[in-house]
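I opened my notebook to walk through this model one piece at a time. Here is what I looked up, in the order I looked.

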Amino acid sequence: MVDDIFRLHPVNASTTGSWVDWHYFFLVGMSLVISIGISVAIIILAFRYHRSRTPRHEPGFETNLKLELTWIIIPFFILMGIFVWSSIIFFHKRTPPVDSMEIYVVGKQWMWKIQHPGGRSEIDELHIPVDRPIRLKMTSEDVIHSFYVPAFRTKMDVVPGMYTTTWFEANRTGEYHLFCAEYCGTDHSGMIGRVVVMQPEEYSEWLRGGEMGVPPQAAGEALFERHRCNDCHVQDDEARCPSLVGLLGRQVRLSDGQVIVADEAYIRESILRPHEQIVAGYPSIMPSYEGQLNEEQIFQLIAYIKTLQPEDVDQVDVPLDEDLETQP
Ligand code: CUA
């Protein structure tokens, strides 16, 4: 009962939660042992060496190499152990499994807008299936927010102008708190919601029910046509612009010789500031779409571009340099 009202420690509902917990308990435990040890030593030594007991003041001091080495070497290994241990947790939490389900999150003063791959979207609520890795791709329309689910031991900044990613795998059904953990203005404290972890069947049912929006890739295709992107980005030898087929994740050579991987952030930049990173061999003729598209629409365009895969598998593996020679 009291548990529901007051909890020092949130429930753990994710696969990596216990890793974080053990690390946390270890740090707290070690701090306690050291603090108590030092406090007890201070009290004992204060009595033992009180002026009344040792009135003689002896000048000079002795060194004890063994003792000094002990208090250098032991803490060194303890601290390096903490470093390695926390790094393992950090990298694991930073590397989403390849088969994870991707959900888009847009933070906005003062709400969380969430878009599921099937088309359903929601505000201040996140419904997910249990036992399935979920990857969140997040950005903000205005200021920095932070997506925080204590039960998953997950907290990640949501930053305007860039994409951040986090992942988790819930291993317990139920409802959990969702917070914004970065002060973002007047109603920051009201930027809260809940995460609902459901059985996979319930989740599919939930996906089908409710108000069904257009799937992001279909909405992206409509935007692609409405903004006449297909006037230039056609799959054609005569094309004036680079083809977008199989673009996501591919290496791209830019006009300044730099080779980059075309990820979501690159595509977003190219839509908003097309003159910054020009693909080698193409003129800089694309207009900027800054101010015409919001972050959700950019997510939809990216979801659509992701679906543009070559039918002819050979096209994917064209080496970068050969690829360039065929271009004007
Ligand atoms: Cu959003 Cu605090």
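Entry 1: In which sense do S1 and S2 pair, parallel or antiparallel? I found them antiparallel, with 5 bridges between them. This is a predicted model, so I am reading a prediction throughout. Val-106 faces Lys-113 of S2, and a hairpin of 2 residues leads from S1 to S2.

**Entry 2: on to the next hairpin.** I followed S2 to S3 and again saw an antiparallel run, joined by 3 bridges. Ile-114 sits opposite Glu-122 in S3. This hairpin has 5 residues between its strands, and Gly-119 in the turn shows a positive phi of about 120 degrees. I also checked burial: 4 of the 5 residues of S2 are buried, so S2 is largely enclosed by the rest of the structure.

**Entry 3: the whole sheet.** I then wrote down the strand order, S3-S2-S1-S5-S8, for an open sheet of 5 strands with mixed pairing. Its edges are S3 (121-123) and S8 (164-169), each pairing on one side only. On average, neighbouring strands are turned by 25 degrees against each other, direction ignored. The parallel sense turns up between S1 (residues 101-108) and S5 (residues 133-140), over 7 bridges. There, Gly-107 stands opposite Ser-140 in S5.

**Entry 4: the helix on the sheet.** Which strands does helix H7 touch? I noted S1, S2 and S5, with H7 (residues 295-307) packing on the sheet and its direction making about 160 degrees with that of S1. The buried residues of H7 include Ile-298, Phe-299, Leu-301 and Ile-302. Besides S1, S2 and S5, the buried residues of H7 pack against helix H5 (216-226) and helix H6 (264-272). At the start of H7, I found a side-chain oxygen of Asn-294 within 3.1 Å of the backbone nitrogen of Glu-296.

**Entry 5: confidence.** How far does the predictor trust its own chain? The mean pLDDT is 84, and 87% of the residues reach 70 or more.

Key
Residues numbered from 1 in each chain as written. Predicted model: local features only at pLDDT ≥ 70, side-chain atom pairs only at ≥ 80, totals over all residues. Heavy atoms only, no water. Pairing = 2+ DSSP bridges. Axes fitted to C-alpha atoms, helices over the stretch in contact; angles between N-to-C directions. Contact = heavy atoms within 4.5 Å. Buried < 20%, exposed > 50% of the residue type's maximum accessible area, 1.4 Å probe, protein only. Polar contact = N/O pair within 3.5 Å; in protein donor to acceptor, adjacent residues only side chain to side chain. pLDDT = per-residue confidence, 0-100.
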